Amino acid sequence: MSGTAVGGPEPWPGVVAFLDGTQRYEVMAYAGSSPVVVAEIGAAVLERRNRHLHVATVARRRLLIARPEVLLELGETAAGHEAVALPEDGPAHPVHDFVLARREVDRARGRLEVAIGHRYREISDGWLIVDGTLSESPQWAADPRMLGICKSHATLPFAGTDLEAYLRLPAGSRSPVFQPAGHEVAPVCSWALRLWPWQGKDLLHGLIRVEAAPTLETVAHADQLSRWLLAERAPVSTPDPRWDRLLYGIRAVEEYLRASGSR
Amino acid sequence: MSTPPPVGRVVATELKPATPHQFHFWTARESPVGIGAIVRVDAPGRTVLGIVTDGFAYADLDRPIHDVIGAEGDPALAGQQPTERTEIRLYTAAVLRQVPEQPLQPVPLGTVFLADDADVSIALRMDAFLAGAQPTGIPIGVYAAGGLEAPIYLDADFLLGPEAAHLNITGVSGLATKTSAVQFLLSSIFQTFPAHRGTVAAVCFNVKGPDLCFLDQPADLPEEDRRLYARLGVAPEPFANVQYYAPYKADGVNLNTLRTHEALSGNTVPLIWGLREVLDYAEVLLNRDDVDAKAGALIDFLKERVVGREFHDITLSERPFEVRSFADLEDFFRRIFEFLEVQARGAEIWRTHHVATIRKVRNRLGNISLRAKGLVTDDGQPSDLPWGKFEDRSLHVVDVAGLDPLVQDLVFARLVSQLREHLERRDLGVDHVVVFVDELNKYAPADGQDTYVRRMLLDLSERGRYLGLVLFSAQQFRSQVLRRVVGNAGTALFGRMDMDELATPGYGILSPATRAKLAALPKGELMVRHPHFTQPLFVRFPRPAALTGRLGVERFPPATDVAFGAAVARQLRALDASITLARLEPVIEGRREEDVRRALHTTRRVRPDNVLAFFTAQLGKRVEREVTERRGVAPLKRTGGDPYA
């Protein structure tokens with residue numbers, strides 16, 4: 001595998017939107033040894049026009065997650081919250097149940113992001129950049145004007161010397177386009193792009209993985225899309241520790257959701 | 001009427017909490033809010049009015065280095081970033097008033113609106129003196145922010161007494177703010193001072209150039225200024241009742257002022273004092289080294305026993321002395337010395353006074369007549385301000401710009417003392433007198449010698465308000481003026497300030513933003529502090545409706561100094577336009593100049609119907625020079641030969 005220099009950053013033409021979601025949860029009480037978790041999830045799209053970000057669409061949900069019998073007991077107390085029942089596949093356990101509740105929050109947030117993405121698509125056909133994978137939704141994966149930006153590299157597409165070359169991409173270079181494994185339901189094209197030099201830092205510093213619709217056009221335009229993404233390095237997303245991979249537009253969505261959510 | 005949209009929202013954090021006296025609010029990036037703007041916070045059960053004292057803007061940038069990293073070190077690229085950073089405009093406001101006022105609580109996290117006219121009135125507590133049967137508001141200017149414009153009033157009771165009094169104005173020179181502001185304010189007082197608070201007049205000292213020399217002449221005002229006058233309810237007119245006073249130059253006939261254009265001579269009169277007037281204030285002119293206890297005793301003796309009355313001393317003269325002028329005084333001293341040297345055979349004491357003390361006092365007093373030549377007269381008849389006959393809304397301008405500084409002090413000390421005495425006796429003619437003094441740092445300096453004038457100004461500032469004697473003062477540097485004098489001014493105005501001055505401790509209470517605004521304040525804007533206003537306020541005022549000194553001199557060029565005869569003719573022409581030099585010359589030909597001056601002063605003082613006849617009569621009978629036939633001296637008788645031969 002060898003990297004390809006994509007060229008200098010180029011400003012994104014036209015309107016671009018950024019989609020992300022946030023979640024916050026805590027144990028409100030214990031019913032016996034099983035936790036009762038309350039969560040707030042939110043998702044929003046901020047659209048950029050004339051270099052300024054504006055809220056295009058936003059949604060929030062409050063969740064109450066517990067075992068089914070606990071939810072029944074809570075009854076009216078849970079008003080204003082969406083009740084989510086934990087699976088009863090074993091005896092109540094405070095840690096195990098909490099892990100399950102956290103997964104439910106993740107799933108709910110993912111669903112909300114997909115719903116918000118669809119809502120945005122109903123009102124705009126502009127470019128939409130999503131924080132994370134496009135495989136959340138087959139529609140996203142097939143959308144020719146959506147990009148997913150993956151900051152984590154838990155699974156890597158190559159091994160051996162190819163992986164070494166992949167991880168040592170110089171700044172402003174991309175990997176070849178590949179089809180990541182495990183995305184059978186919603187297949188996508190993907191490539192890695194180095195936003196910032198990694199030398200002197202970590203191998204993953206500034207390395208993002210881009211996902212796009214699995215079309216020939218995507219492959220043909222991978223360099224162009226990479227150049228547009230390179231321009232999104234600035235403004236830098238500090239003080240977020242992920243600033244080297246976090247696009248400012250995505251961070252702005254997170255900040256908006258955190259600042260405007262209930263306390 | 002639709003409710004105006006909010007401009008911001010109060011925010012409070014642990015680091016920046018809202019308190020009963022201060023709060024913070026954010027606004028949109030494009031907002032009419034600025035330093036000095038008055039805002040209203042609406043919250044359930046409480047309304048808070050505040051004035052913006054500081055502003056902050058910052059983005060979500062963590063450290064400057066991150067902007068450099070984002071732009072890859074190229075400032076040109078920094079402006080091309082695809083997304084503008086999120087930015088905040090955060091303002092700090094000082095509370096002007098809370099409604100209800102009790103219990104006093106921290107400012108609630110409410111919605112922020114720009115104040116309207118009614119809000120401004122409540123915020124500045126003007127409702128207390130503008131409403132009611134006997135309002136006492138004096139317009140000072142307009143407060144403007146966000147397209148709103150509200151007239152601002154001072155409380156006459158706190159400007160002219162008796163509650164508080166005095167006004168001080170500070171600002172750098174040359175920006176037409178100090179003098180203009182005082183002119184406008186005097187005009188405003190004369191037009192709006194309520195009759196139920198009595199009568200008022202003003203005495204202004206013109207201390208430099210032609211500054212106050214044309215207050216009775218109309219100025220050409222731009223439309224914007226006329227609009228401001230209309231908004232404030234003040235007519236854009238020059239002062240209607242103005243009298244100018246100026247001493248003569250050393251020649252005794254040309255006035256020592258730039259207001260010598262013939263067209264303006266009708267209300268320009270000479271300021272002339274006699275020995276009596278000067279001797280009462282000798283302390284002003286003589287320093288502490290001059291007036292020791294012995295000299296002071298002799299001066300007191302002269303004042304109490306000699307000057308202005310008959311003094312008998314057979315040892316000096318068989319006839320009683322009538323010392324009314326410096327010339328008489330000089331003759332009196334001469335007789336004393338003659339007595340000591342001749343009759344007393346070199347004695348050194350005359351009436352317990354040592355000859356050295358007498359010589360010292362003679363020298364010092366003689367110097368006064370030299371230094372103040374033009375102000376003091378030898379004929380003993382003064383021409384002074386109309387004591388006891390001050391008219392309501394009359395303005396008296398005393399031009400001392402061309403005088404020796406010490407003589408300026410004398411004029412100032414005597415006039416203010418006279419005002420004080422008459423106001424104490426309630427026989428001045430008016431209830432309140434505003435005294436305007438520019439260059440206060442010269443008369444009441446923070447450092448330096450404790451002079452008579454400084455003590456007098458201090459007394460005036462501390463006790464004048466009970467009498468109705470009000471000091472309006474101005475200076476470039478407030479920090480250089482005696483603290484107690486400016487501290488007693490109930491109202492303070494600040495024009496554009498020098499940064500050095502703003503760095504002095506007296507301005508520490510102002511926020512950095514307010515100080516920065518003061519350092520760049522445009523012409524026609526002032527910051528006002530007044531007892532009713534809990535925070536300083538910026539206002540705009542119109543140009544004065546009277547001609548400025550510079551334009552006045554262009555429109556009414558001062559008459560050039562002319563020869564003695566022509567100067568006398570010009571002065572008499574102010575009383576009778578038909579008098580020409582050709583008519584006057586035969587009258588004064590061959591007369592002594594001091595006799596002509598004496599006749600002129602008397603004529604000006606009496607203002608007779610037939611000016612020339614009266615003047616001629618005052619000259620007295622002409623003493624013709626006696627030309628005697630030359631008589632020869634008989635030659636010595638010749639004896640016909642050298643007697644020593």
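Biologist: Hi! Which elements do the buried residues of helix 6 of chain A pack against?

Modeller: Hello! This is a predicted model, to start with. In it, the buried residues of helix 6 of chain A pack against strand 8 (173-174), strand 9 (189-194), strand 10 (207-212) and helix 5 (216-220) of chain A.

Biologist: And which residues of that helix are the buried ones?

Modeller: Helix 6 covers residues 222-231, and its buried residues are Ala222(A), Ser226(A), Arg227(A), Trp228(A), Leu229(A) and Leu230(A).

Biologist: Thanks. Switching to chain B, how many helices and strands are there?

Modeller: Chain B has 23 helices and 22 strands.

Biologist: What about its radius of gyration, next to that of a compact globule?

Modeller: Chain B comes out at 33 Å, while a compact globule of 645 residues would be near 26 Å. The C-alpha trace spans about 135 × 60 × 55 Å along the principal axes of chain B.

Biologist: How many of its residues count as buried, as a percentage?

Modeller: That is 42% of the 645 residues of chain B. As for contacts in chain B with a separation of 6 or more, 74% of them come from residues 24 or more positions apart.

Biologist: Which strands does it pair with, and in what sense?

Modeller: Strand 11 pairs with strand 17 (residues 395-399) of chain B in the parallel sense, over 4 bridges. With strand 12 (residues 268-270) of chain B, the pairing is parallel too, over 3 bridges. Tyr244(B) has a bridge partner in each: Val397(B) in strand 17 and Thr268(B) in strand 12.

Biologist: Nice. Which residues touch the most other members in the largest nonpolar core?

Modeller: Of its 170 residues, they are Ile38(B), Val39(B), Val278(B), Val433(B) and Val435(B). Helix 13 (residues 405-425) of chain B gives the most to this core, with 9 residues. Apart from it lies another core, of 66 residues, including Val37(A), Leu100(A), Leu134(A) and Leu147(A).

Biologist: What is Ile38(B) in contact with, leaving aside neighbours within four places in sequence?

Modeller: Its contacts include Leu49(B), Ile51(B), Leu96(B), Ala115(B) and Tyr143(B). Asp119(B) is also among them.

Biologist: Last one: how many residues of chain B are in contact with chain A?

Modeller: 11 residues of chain B are in contact with 17 residues of chain A. On the chain B side, 3 are nonpolar, 5 polar and 3 charged.

Terms used: Residues are numbered from 1 along each chain as its sequence is written. Chains are lettered from A and ligands numbered from 1 in the order in which they are written. This is a predicted model: local features need pLDDT of at least 70, side-chain atom pairs count only at pLDDT 80 or more; totals for chains, interfaces and linings use all residues. A residue is buried if 20 or more other C-beta atoms lie within 10 Å of its own, exposed if 12 or fewer, and partly exposed in between; C-beta atoms are placed from the backbone. Helices (H or I, at least four residues) and strands (E, at least two) are DSSP runs, numbered from the N terminus. Two residues are in contact if their C-beta atoms, placed from the backbone, lie within 7 Å. Two strands pair if DSSP finds at least two bridges between them. A nonpolar core is a set of buried Ala, Val, Leu, Ile, Met, Phe, Trp, Tyr and Cys residues joined through C-beta atoms within 7 Å. Ala, Val, Leu, Ile, Met, Phe, Trp, Tyr, Cys and Pro count as nonpolar, Asp, Glu, Lys and Arg as charged, and the others, Gly among them, as polar. The radius of gyration is taken over C-alpha atoms; the globule rule is 2.2 Å times the number of residues to the power 0.38.
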